[in-house]
Amino acid sequence: MIKLTVNGKPASLDADPEMPLLWALREDLQLTGTKFGCGMALCGACTVHLDGQPVRACSTPLSAAAGKKVTTIEGVGSSKTGRAVQLAWLKLDVPQCGYCQSGQIMSACALLGSKARPSDADIDAAMSGNICRCGTYNQVRAAIHDASATLTKGA
């Protein structure tokens, strides 16, 4: 039995410890917001947070999440940073097809968690592992700046 906390709730999974975390989230816990992209940790569509750090769920074994906190796109909005990023995404109409956007948002939240006022270069570096076939990179960058402004207002 593998025990972990997912979006603030305890979870126990009787599953193969080598199974990718992505499948545990999608199939066992029915959290389908995290997407399968390349399956090789190259595109970032499956990005989730493991103890606050972005990881690629397609290449992270379930055993690596044992005893840790997993945050998915379904749970990221419960944090101040997650709410600000999601609102900025909506405000600036970032998604096109939307497939990569949950991974984009998770990476953006991780960036803003480590750097409150990122530069364009910081954003480009942090988001370089998240591929968008629609080319929403400029909107993603603008939304991260918008969320940063919201979060640092008055700071």
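Predicted model: local features only at pLDDT ≥ 70, side-chain atom pairs only at ≥ 80, totals over all residues.
Residues are numbered from 1 along each chain as its sequence is written, and side-chain values use heavy atoms, with hydrogens and water left out.

Let's begin with helix H3, residues 101–114. Helices here are DSSP runs of H or I with at least four residues, strands are runs of E with at least two, and both are numbered from the N terminus. The expected span of a helix is 1.5 Å times one less than its number of residues. For the 14 residues of H3 that should give 20 Å, and the end C-alpha atoms are 20 Å apart, so the two agree.

Now pick out Ile-144, which lies in helix H5, residues 137–152. Ile-144 counts as buried because its relative accessibility is 0%. Leaving aside residues up to four places away in sequence, Ile-144 touches Trp-89, Ala-108, Leu-111, Leu-112, Pro-118, Ile-123 and Met-127. Glu-27, by contrast, is 117 residues from Ile-144 in sequence and 31 Å away in space, C-alpha to C-alpha.

On to the strands. Two strands pair if DSSP finds at least two bridges between them. E3 pairs with E4 in the antiparallel sense over four bridges, and Leu-50 stands opposite Gln-53 in E4. These two strands make a hairpin with two residues between them, where Asp-51 in the turn has a positive phi of about 50 degrees. E3 also pairs antiparallel with E5, over two bridges, and there the partner of His-49 is Thr-71.

In a regular strand the side chains alternate between the two faces of the sheet. In E3 both faces are covered: Thr-47 and His-49 are buried on one side, Val-48 and Leu-50 on the other.

Last stop, the pockets. On a 1 Å grid over the protein atoms alone, a pocket is an open set of points with protein on both sides within 12 Å along at least five of seven lines, and lining residues have an atom within 4 Å of a point. The largest pocket has a volume of about 270 Å³. Of the 18 residues lining it, the closest to its centre are His-49, Gly-52, Thr-71, Val-76 and Ser-79. Which element gives the most to that lining? H3 does, with four residues.

The lining of the largest pocket divides into four nonpolar, twelve polar and two charged residues. The second largest pocket, of about 220 Å³, has ten nonpolar, one polar and one charged. Its lining includes Cys-38, Cys-43, Tyr-99 and Arg-133. For those classes, Ala, Val, Leu, Ile, Met, Phe, Trp, Tyr, Cys and Pro count as nonpolar, Asp, Glu, Lys and Arg as charged, and the others, Gly among them, as polar.

Methods:
Buried < 20%, exposed > 50% of the residue type's maximum accessible area, 1.4 Å probe, protein only. Contact = heavy atoms within 4.5 Å. 1 Å grid on protein atoms, 1.4 Å probe; cavity = no way out; pocket = protein on both sides within 12 Å on 5 of 7 lines; lining within 4 Å. Points joined across faces, edges and corners; volume = space filled by probe spheres on them.
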